[in-house]
Amino acid sequence: MNTQNGFLLSFIKYGENDAVLHCFTEEDGFQSYFLKGIYSRKNKKKAFLQPLNKLNFSISPVRGNGIPTISKFELVKSSDAYTDIKAGTVIFFISDFLNQVLKLENKNPKIFLSIERFIAELEQQNYQCHLLFLFAILKVQGVAPLIGEGSFLDPETGTFSTVPAHQLFSEEISMIWKNILNAENLYSIKIHSSLRKDFLDSLLIYYHYHITDFKTPASLEVIQQIFE
């Protein structure tokens, strides 16, 4: 019997009572699991199926070409953030984002710890932490920009230049990127509420350039509406 700790990224109902779970695990990176009977009337653990809940799974050996089956699972840590509309919206956005960008990711302790840190920041009502977390993932993946002398970030090359390279990367937005790059603790950076939408848009543009097959998360519109 194999035991895993992991963050739930998404889940899909399968048939009447079963589900397929997509998780990022501490031991093996991104994994998909089959979970029997979770939607049966008497199963109280369906309440555990909240994005970014930290779960412990016992996994049965794979037979044939199927995906691993969960024999039992427990909640390691839930988040109080779901009682807060803003925080809950951030969690759904980030789980949507991670479910896409981590699909090919193997074991990566830095990413696992980054998710834990993000959740801790959100529980402290740091409502801009999702912006800084997106930057943190770029850094872990080794595609963050290089610090330079210029005032404008070129999202395609990941370097700073003396002239604008993209309409979304104004001097003001580029300075936020530079401040984060220079920060010892990136979560200490404060982004003015009037700039958060443009900064988020700039992050997504950067991801399109540097993460293969990246698609804008479907939940983007919701998070933009909540923070307007």
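Q: Is Glu-116 buried, partly exposed or exposed, and what is the relative accessible area?
A: In this predicted model, Glu-116 counts as partly exposed, because its relative accessible area is 29%.

Q: Which residue forms a salt bridge with Glu-116?
A: The partner is Lys-54, and the closest N and O atoms of the two residues are 2.5 Å apart.

Q: How many salt bridges are counted between domain 1 and domain 2?
A: The count between the two domains is one salt bridge. Lys-54 and Glu-116 meet in a salt bridge through their side chains, at 2.5 Å from N to O.

Q: What about polar contacts there, how many residue pairs?
A: Three residue pairs are in polar contact across the interface of domain 1 and domain 2, with both residues of each pair at pLDDT 80 or more.

Q: Which strands supply the domain 1 side?
A: Strand S1 (2-14), strand S2 (18-25) and strand S3 (29-35) each supply at least two residues of the side that touches domain 2. The largest share, five residues, comes from S1.

Q: What is the make-up of that side by class?
A: The side of domain 1 that touches domain 2 has six nonpolar, eight polar and four charged residues.

Q: How many residues are in contact, and what area is buried between the domains?
A: In domain 1, 18 residues are in contact with 19 residues of domain 2. The buried area between the domains is about 1500 Å², and carbon and sulfur atoms give 73% of that area.

Q: Back to salt bridges: how many does the rule count?
A: The count comes to four salt bridges. One of them joins the side chains of Glu-74 and Lys-45, at 2.9 Å from N to O.

Q: Where are Glu-74 and Lys-45 placed?
A: Glu-74 is in strand S5 (residues 69-77), whereas Lys-45 is in the loop between S3 and strand S4 (54-60).

Q: What about Asp-201 and Lys-197, how do their side chains meet?
A: The side chains of Asp-201 and Lys-197 meet in a salt bridge, at 3.2 Å from N to O. The residues are separated by about one helical turn, because they are four residues apart in helix H5.

Q: And is Asp-201 buried or exposed?
A: Asp-201 is buried, with a relative accessible area of 16%. Lys-197, by contrast, counts as partly exposed at 42%.

Q: How far is Tyr-207 from Val-143?
A: Their C-alpha atoms are separated by 9.2 Å, and the two residues are 64 apart along the chain.

Q: New topic: where is His-166, and what does its side chain reach?
A: His-166 is in the loop between strand S7 (159-161) and helix H4 (171-182). Its side chain reaches the backbone nitrogen of Leu-168 at 3.0 Å. Not counting residues up to four places away in sequence, His-166 touches Pro-155, Ile-205 and Tyr-209.

Q: Finally, where is Ser-60, and how far is Ile-70 from it?
A: Ser-60 is found in strand S4. Ser-60 and Ile-70 are ten residues apart in sequence, with 6.2 Å between their C-alpha atoms. Ser-60 counts as partly exposed, because its relative accessibility is 22%.

Conventions
Residues numbered from 1 in each chain as written. Predicted model: local features only at pLDDT ≥ 70, side-chain atom pairs only at ≥ 80, totals over all residues. Heavy atoms only, no water. Contact = heavy atoms within 4.5 Å. Buried area = accessible area lost by both parts, 1.4 Å probe. Polar contact = N/O pair within 3.5 Å; in protein donor to acceptor, adjacent residues only side chain to side chain. Nonpolar A, V, L, I, M, F, W, Y, C, P; charged D, E, K, R; others polar. Buried < 20%, exposed > 50% of the residue type's maximum accessible area, 1.4 Å probe, protein only.
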